[in-house]
Amino acid sequence: MNASGFTTRLVALTRKETRQMLRDRSNLVVGLLLPVALILLFGYGLSFDVKNARLTVVLEDSSPTARQTVVGLQGSPYLAPVWVRTMDEAERLIRAGKTDAILRVPGDFSRQLADGNGRVQLLLNGVDSNTASTIEGYVSGALSTPVLQQADRTGNKSARAATIVIVQRTWFNEAGESTWYLVPGLIVLVMTLIGAFLTSMLIAREWERGTLESLFVTPVRPLELVLAKLAPYVVIGAIDLIMCLLAAKYLFQVPMRGSLMLIIGSSLLYLMVSLALGLFISGAMRNQFAASQMALLASFMPAMMLSGFIFDLRNVPVVIQVVSQALPATHYMSIIKTLFMAGDIWPDILRSCGILTLYALMLVAATRRKLGKTLE
Amino acid sequence: MNDAAATVVAQGLRKTFVGPDGNRFAAIDDVSLTVRAGELTALVGPDGAGKTTLIRMMAGLLKPDAGSLQVLGIDLTRDPQAVQDRISYMPQRFGLYEDLSVQENLTLYADLHGVPQAERRERFARMLEMTDLARFTERPAGKLSGGMKQKLGLACTLVRSPDLLILDEPSVGVDPLSRRDLWKIVQQLVHEEKLSVIVSTAYMDEAERCGQVFVFNRGRMLADGAPAKLRAWAHGVTFTARPPEAMPARELQARLIDRPELIIDAVPSGGSVRFIRRAGEDEKQLNEMLHDAPFAPRPEELEDAFMMLLRQAEDKDTKAAAKPAYEAPRVAAVSSNGANCQPVIVVRDLVRKFGDFMAVASTSFEVARGEIFGLLGPNGAGKTTTFRMLCGLLPATSGHLEVAGRNLRTARAEARGRIGYVSQKFALYGNLSVRENLEFFGGAYGLRGKALKARVAASLEQFDLEPSAQSGILPAGYKQRLAMATGLLHEPDILFLDEPTSGIDPLARRAFWRTITALAKSGVTIIVTTHFMEEAEYCDRIAIQDAGKVLALGTPHQVREQAGAASVMDMNSAFIAIVEQSRAQRETKGGAA
């Protein structure tokens with residue numbers, strides 16, 4: 001009798017939660033439309049790539065060698081060079097914010113180059129340091145090729161000896177496309193979002209409206225309440241996951257080097273963690289406004305800032321590393337990036353999935369305690 | 001004690017909470033009681049008496065700090081779930097899911113209580129028929145009226161026949177009609193199914209219908225027993241006095257209640273004043289005080305016994321405080337130059353629509369200077385809408401509206417300067433002190449400098465307020481005095497009070513009305529809404545609204561006559577009769593059309 005009571009109640013509660021979810025438009029907006037908006041925003045709108053960077057070239061040396069050296073700046077989609085005569089003019093442009101960088105080829109460039117000591121000056125607008133370092137990379141790439149060719153052609157051994165040439169090749173993201181790592185990171189954000197914005201309201205709303213009080217005085221058990229509240233949002237999360245994966249594959253052509261089943265499996269695991277965290281916060285706060293603020297601060301913001309989504313965690317202070325290691329989002333981020341870019345690297349995946357499973361169980365248990373059928 | 005005959009057995013029960021001032025207080029203090037099975041049991045007491053705390057402990061939602069509590073023979077501290085499996089409980093806010101339909105709410109609770117499908121159909125049909133909700137099964141619970149929500153809440157707790165039904169203040173904030181319907185259902189079930197019901201209430205007429213009554217005040221049980229036994233307490237000390245010709249009943253009532261050493265309680269009722277005298281006090285003094293008002297004994301009621309118990313408890317608590325709580329404020333008497341000639345509020349053909357919905361339909365009335373005018377009506381009748389239009393908070397759709405000689409359409413700001421407004425929730429800043437609140441509201445009304453200082457000092461004196469106390473942690477009755485003081489700072493001609501007495505205990509209500517009658521005497525016009533029908537007796541004239549229309553307008557006496565003569569009829573019955581007449585008319589008209 002007990003087991004059948006459990007099933008009847010769980011089904012009844014799940015049906016109730018589903019109806020409530022579907023009848024509240026704002027749930028569907030946040031649960032389904034916001035992820036779509038994020039996919040489009042991160043996929044198309046935002047990127048760390050710099051295209052058509054404004055570069056001002058001051059060619060003070062008009063020799064063919066100098067011309068030959070800077071010819072590589074043209075015809076690149078990443079740089080849009082503008083030619084000016086004097087340094088004064090170039091400085092005016094950079095001060096007015098009309099150019100991102102100045103490349104100055106001094107008057108004695110070809111002579112110095114012949115001595116194996118060719119130098120050009122690159123001035124970068126450091127206001128946006130990210131853009132500046134990206135442009136630096138572009139310019140040095142564009143310049144090094146002709147110099148090498150030149151050296152080859154003239155057979156100038158000394159030039160070759162004097163220049164240390166770094167041959168660069170980026171693995172896993174050969175083109176250096178930022179969408180390649182933004183999109184997997186986006187899946188982490190979307191999975192976090194449902195927990196932070198949707199489930200964080202659920203228990204608090206019942207506290208505020210006083211419905212929990214009458215629900216408590218029925219044969220309902222706390223675990224049934226928790227499971228019923230998770231169920232409909234797992235479905236929403238799964239729909240979001242499918243959308244993200246489709247967008248990653250077909251819209252942004254992000255490679256999926258690991259197995260799809262692992263991607264889906266680990267995502268659902270993290271989804272449980274995220275939903276349970278939202279529910280726990282909701283149960284602990286008992287107030288919708290406080291719960292949504294807390295969920296934003298404790299779940300969504302850290303997932304965005306500290307999970308390795310934007311900032312490389314190896315370069316942050318130890319304190320922040322400790323905090324970020326405590327975040328479930330960090331572990332999921334590491335799984336999903338590995339799976340997309342590198343492949344099935346089992347030891348890492350097993351370790352991270354283990355941690356996520358622990359989180360999920362702990363949070364469900366903690367939420368169950370919060371719904372311990374008492375008003376105190 | 002035989003467990004089979006008792007549903008609840010409590011021994012030395014105690015429960016404490018941390019109050020808003022940071023100190024612990026006992027919400028329930030050393031309470032022992034035994035509730036008999038198979039009948040209606042009432043827990044009565046003013047707000048803050050501990051009724052809800054006790055009920056929540058019975059439902060296993062709160063753990064007692066001390067003492068033992070058995071429900072249906074089960075120790076609650078040991079196995080609350082076993083109790084929760086067998087009882088049904090309706091909290092004060094009904095516990096309905098507003099986004100689910102009536103039927104979906106019923107089905108949810110039936111599933112949760114594990115009602116077999118076979119029993120369900122018959123039970124649902126019965127519940128829907130009793131609650132008259134059969135027509136609305138598809139409607140979301142959030143779109144039902146207050147009374148219907150309450151009936152649905154009851155139906156949800158009764159999807160099966162529980163071993164014990166617990167209702168926490170089911171009639172709070174519900175109009176008299178819905179209240180009567182609810183009691184019909186409960187009494188029918190007690191009669192037919194031998195249901196055991198525990199109900200908490202602040203209404204004595206409801207307690208009177210119960211087999212057993214427990215009276216609470218400030219966490220302690222003052223008395224218990226059958227209504228007849230409790231009523232006997234007041235035997236021989238209850239009287240009715242008739243005021244002399246041309247004296248409003250409330251003036252005689254004020255005279256009586258100002259003599260607490262002789263009189264325990266006095267209320268205006270049906271044009272006379274019902275009062276309770278202190279037993280054994282000097283007959284001569286009473287005769288002297290009522291020299292112009294003939295008085296005669298009347299049969300005692302449960303309400304009388306209740307008021308005596310409360311007054312007794314209060315006297316014990318405040319033995320030191322010599323000052324009676326209801327001392328009249330010293331309001332400077334306003335010379336009555338042409339009073340009652342010029343109406344201060346003129347309302348003609350006032351209409352307010354919200355979309356297609358007619359919230360107020362073609363309403364007209366006038367209020368004279370110094371009058372107390374009451375707006376009464378069931379929930380959703382249009383009281384609040386009318387009220388807000390009068391205060392200039394809501395523009396009218398059409399019609400003429402004049403307040404203090406200013407047309408509200410053209411001179412709203414000017415009219416507002418002449419009125420004071422005390423909202424239902426007492427718009428006070430909880431973390432400011434009493435003085436800071438007064439100074440802020442005074443500034444908001446345009447007072448500054450010396451004038452502000454003088455008015456604040458006068459208000460502190462007049463309402464007997466402690467200037468440095470923090471407003472947020474004051475008791476409800478005190479908060480209400482402060483709210484009144486803020487509304488009167490700028491010495492308005494008209495004072496608007498929106499449900500001023502909801503949530504404060506009967507003694508504080510008497511004190512409140514004493515203040516109001518004194519204000520009216522000094523020339524301030526008072527407009528008040530209330531859902532306590534007996535408070536209409538303090539008003540010079542009342543308007544009863546339902547579905548946006550004014551159904552009755554006049555002195556309490558005229559309204560009672562309209563309801564079908566019989567001046568013995570109390571306001572509650574008069575109100576029900578008038579609303580029912582009008583609804584019946586509307587239905588026959590609707591049927592004919």
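## Helix packing in chain A

A crossing is called right-handed if the near helix is turned clockwise from the far one by less than a right angle, and left-handed if anticlockwise. In this predicted model, helix 2 of chain A passes helix 10 of chain A in a right-handed crossing. The axes of helix 2 (residues 25-45) and helix 10 (residues 222-251) of chain A come within 10 Å and cross at roughly 20 degrees. Helix 2 of chain A is therefore roughly parallel to helix 10 of chain A, since angles under 35 degrees count as such. Helix 2 of chain A contributes Gly31(A), Leu32(A), Pro35(A), Val36(A), Ile39(A) and Gly43(A) to the contact. From helix 10 of chain A come Ile236(A), Ile239(A), Asp240(A), Met243(A), Cys244(A), Ala247(A) and Leu251(A). By class, the residues of this contact are ten nonpolar, two polar and one charged.

Helix 10 of chain A also packs with helix 8 (residues 178-209) of chain A, at an angle of about 160 degrees and with the axes 10 Å apart. These two helices are therefore roughly antiparallel to each other, and their crossing is right-handed. On the side of helix 8 of chain A, the contact includes Val183(A), Leu186(A), Ile187(A), Val190(A) and Met191(A). Among the residues supplied by helix 10 of chain A are Lys229(A), Tyr233(A), Ile236(A), Gly237(A) and Asp240(A). The contact of helix 8 with helix 10 of chain A divides into 13 nonpolar, two polar and two charged residues.

## Domains of chain A

The domain assignment divides chain A into domain 1 (10-46 + 177-370) and domain 2 (53-162). Taken over C-alpha atoms, the centres of these two domains of chain A are separated by 48 Å.

## Domains of chain B

For chain B, the assignment gives domain 1 (3-230), domain 2 (231-317) and domain 3 (428-491). The C-alpha centres of domain 1 and domain 2 of chain B lie 34 Å apart, and 13 residues of domain 1 are in contact with ten residues of domain 2.

On the side of domain 1 of chain B that touches domain 2, two or more residues each come from helix 7 (204-207), strand 9 (212-217), strand 10 (220-225) and helix 8 (227-231) of chain B. Helix 8 of chain B gives the most, with four residues. By class, this side of domain 1 of chain B has ten nonpolar, one polar and two charged residues.

## An open sheet in chain B

Four strands of chain B form an open sheet in the order 2-1-4-5, with antiparallel pairing. Strand 2 (24-36) and strand 5 (74-75) of chain B stand at the edges with a single partner strand each, so one side of each has no neighbour in the sheet.

Gln70(B) stands opposite Asp75(B) in strand 5 of chain B.

## Contact between the chains

Across the interface, 23 residues of chain B are in contact with 23 residues of chain A. The elements that give two or more residues to the chain B side are helix 2 (80-84), strand 6 (87-90) and helix 3 (102-112) of chain B.

Helix 3 of chain B provides the largest share of that side, four residues. By class, the side of chain B that touches chain A has twelve nonpolar, four polar and seven charged residues.

Technical notes: Residues numbered from 1 in each chain as written. Chains lettered and ligands numbered in written order. Predicted model: local features only at pLDDT ≥ 70, side-chain atom pairs only at ≥ 80, totals over all residues. Contact = placed C-beta atoms within 7 Å. Nonpolar A, V, L, I, M, F, W, Y, C, P; charged D, E, K, R; others polar. Pairing = 2+ DSSP bridges. Domains from an automatic or database assignment. Axes fitted to C-alpha atoms, helices over the stretch in contact; angles between N-to-C directions. Parallel < 35°, antiparallel > 145°, perpendicular 65-115°, else oblique.
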